[in-house]
Amino acid sequence: SRATATISHRMNEAETRAEHIDPALALAGWGVQAGSQNLSRVRREFSITQGRIEGGGKRGKALTADYVLEYKGIKLAVIEAKSFDLPLTEGLAQAKNYANKLQLRFAYATNGRGFYRVDMHTGAEGELAGLMDGFPTPEQLWELTFGKPKAVELATAPEFWRDRFALVPYPDKSGSWSIRFYQELAVQAVLRKMAAGDKRVLLTLATGTGKTSIAFQIAWKLFQTRWNLSGEPTRRPRILFLADRNNLATQAYNDFTSFVAFADGALVRIKPDEIKKKGRVPTNGSLFFTIFQTFMSGTDAAEDGTKEASPYFGEYPKDFFDLIIIDECHRGGANDEGTWRGILEYFSPAVQLGLTATPKRKDNTNTYAYFGEPAFVYSLKDGINDGFLTPFRVKQISTTLDEYVYTPDDTVLDGEVETGKRYVEADFNKVIEIAAREKARVDIFMNAIDQRQKTIVFCATQAHALAVRDLINQCKTSSDPNYCQRVTANDGALGEQHLKDFQDNEKSIPTILTTSQKLSTGVDARNVRNIVLMRPVNNIIEFKQIIGRGTRLFEGKDYFTIYDFVKAYEHFSDPEWDGDAIEVETATSPALLPKPPPTPYAAQPPSTAPEVRERAAKIKVKLADGKARTIQHMMATSFWHPDGTPMSAQQFMEALFGKLPDFFASETELRTLWSDPLTRKKLLAGLADKGFGKDQLLEMQRIIEAPNSDLFDVLAHVAYALEPLTRKMRADRAMAGVSEHFSAKHQVFLDFVLAHYVDLGVDELDVENLRGLLTLKYSDSMSDALKDLGAPQEINRSFCGFQKYLYA
């Protein structure tokens, strides 16, 4: 009837889904029990991304699919629903976007009156025959995706293993963890290649995106399905997790243990001392964790010549392991001349899965030549934009002692300095040591950071890390003697404990760690807010790894900061970063910043070997007193897109907090609104309603480093790139106008008001604070105030009227 049609056309989306779409899916068999097992599943409001991190603990809009259809544990299609009265394909663009993100073959759009389908593989699209009889059943959609089922032999059946893998659910740590969409895609990509018989597989995912979690999920599915190299599910697999540092192997072992309880004895941590104690390598277990160095060490040759030296890995049969997972595989293991290559070649029957955070670059071509093109890639840019990684800003710091040429007024304490030689960044703390230079740098960043925030400082050598640790502890505001600790190879078990305490988010001590190479990769410390670079970063791969120390998510962490003393930010400008650089937005005049000199050292790949003790023979120079006391520095803030292209402060703020609402159309209008206490109050209330409250504005103020400025300057800088003024500068300017337009007694009171404004900020200029200011000035005697300043209306007019001179 006409009435029914009218009601139908007024249906909102929720009603449309409940009354039309859900019944159509149920009729097609989706979500309906099939025998004793529910093979099909309808995932409603399926969360894909979290939304890019914004200021004040908020996020941008997340990607959420209305429906994701799953059959036999595999996602097959996405459906975007709209209300009954909207066009059928209103949600088609969203459906395609979600299908692309989830790598699904089919995307559907519906308004409850029909379905429209797109085949993302062939590009074919069109409307289905009808609503209630046109949607495919789970079996039909499976056949559309994979083709008709066929009988196959187990040993040569990718389909058999695909189905078997899919039916093993992903562990969720008792509901406290859920697999992210890209992690699931990575797991599926690896398992598909393994099912197809590929022996070398590579995953490339940015640091902080959960490569170890992905490795666990792969291992769990293999373990539960009893996959092994025979092709028959007759036994559980033997899996080896190889790293190049003990903390990485131990971290992986602990992560695997925390996910789910494997059978007793299934997880084995291989250590050299235990091998020596037992006289043999461990063989009882399913998942083995060790480092390359352990496997490369072994038994010594017998003095009588009856026994040759033998590495420990040679004590295993070559086909002992079914799968080998190589963590941070770009660090030398795949090089033709790499010392670890022998391990990989010895266990050549095994499937070898490489994990790396570094896309293909000229410095790691061997890795990609060995493993082949990645089965799946998830970049730093993807992680930040999807809300799974934290954005960053860069502080570029130049000092008057970035380079050094000896002059006779300096004192050479040790070694022989070359007269006339220009010592550059790569020489400091390896060839030459100037204590005053390092102290100045430590003072600079310690004054710049919030000293309560967790920070990692990268130093040139282990000895340099020791010296910087001591300098930090000498100038810290904390009273805790363990505030800053060094973590390097030389620090052994004590250093590992310091790192463990630093990674514990419940602990605040140690707050700062100094290191040289050890912490450049694989350290899962989520609450790192500052990265300080006091040594050269030789290439993009290492730079991205170091940035990865700060990208991990933590509650209340909206961004992190890189303090760059060594011009590492120049790596952003390299086309290999993923984009070409353009002009950089700085917090100081660009003319004051020296142009970066050509890199004075040959680019070298990051060290792949354990850190070793440095030789002590360095040139040590004590600067003349005048030089030591007059080291100057310049600091500029730059903001960068994750693809390596610079962004303005306004773009960074918009990415972090969202776009400022359009409450003012121009700089002039902003000044006018802000100059009147009443319109200023309305403006602030409107901004707060749109998510730009006091906390967000104060965070913006911190980001642009204008702590002594007015909030007007924050808005003007973000919206119109105006250079912020301090409140003191504004007050001094305002007094010129006050002196010209107000009586002597009013000038005295307004000068008193401005002093409070300079100390406490713009809130002191609210009309509600006028009575309190009068009380303070006139010692609770309102009669004296009225005698000096006139009637209340006149006082109010003066208090409000003078403010236009603050913002003229």
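**Notebook: a sheet and some salt bridges**

I started in β15, where threonine 204 has valine 377 as its bridge partner. Residues are numbered from 1 along each chain as its sequence is written. I kept in mind that this is a predicted model, where local features need pLDDT of at least 70 and side-chain atom pairs count only at pLDDT 80 or more, while totals for chains, interfaces and linings use all residues, and that side-chain values use heavy atoms, without hydrogens and water.

Next I looked at the strands (DSSP runs of E, at least two residues, numbered from the N terminus). I found that β7 (residues 200-205) and β15 run parallel, joined by 3 bridges; strands pair if DSSP finds at least two bridges between them.

Which order do the strands of the open sheet take? I read β9-β10-β8-β13-β14-β7-β15, 7 strands with parallel pairing. β9 (267-269) and β15 (376-378) are at the edges with a single partner strand each, so one side of each lacks a neighbour in the sheet.

Then I turned to salt bridges (a side-chain nitrogen of Lys or Arg within 4 Å of a carboxyl oxygen of Asp or Glu), and the count came to 29. I picked lysine 507 and aspartate 501, whose side chains meet at 3.0 Å, N to O. Is aspartate 501 buried or exposed? Its relative accessible area is 15%, so I noted aspartate 501 as buried (under 20%; exposed is over 50%, partly exposed in between, with a 1.4 Å probe and protein chains only). Lysine 507 is partly exposed at 37%.

Last, I noted one network of salt bridges with shared partners, joining Asp402, Glu425, Arg437, Glu438, Arg441 and Lys567.

Technical notes: Helix = DSSP H or I, 4+ residues; strand = E, 2+ residues; numbered from the N terminus.
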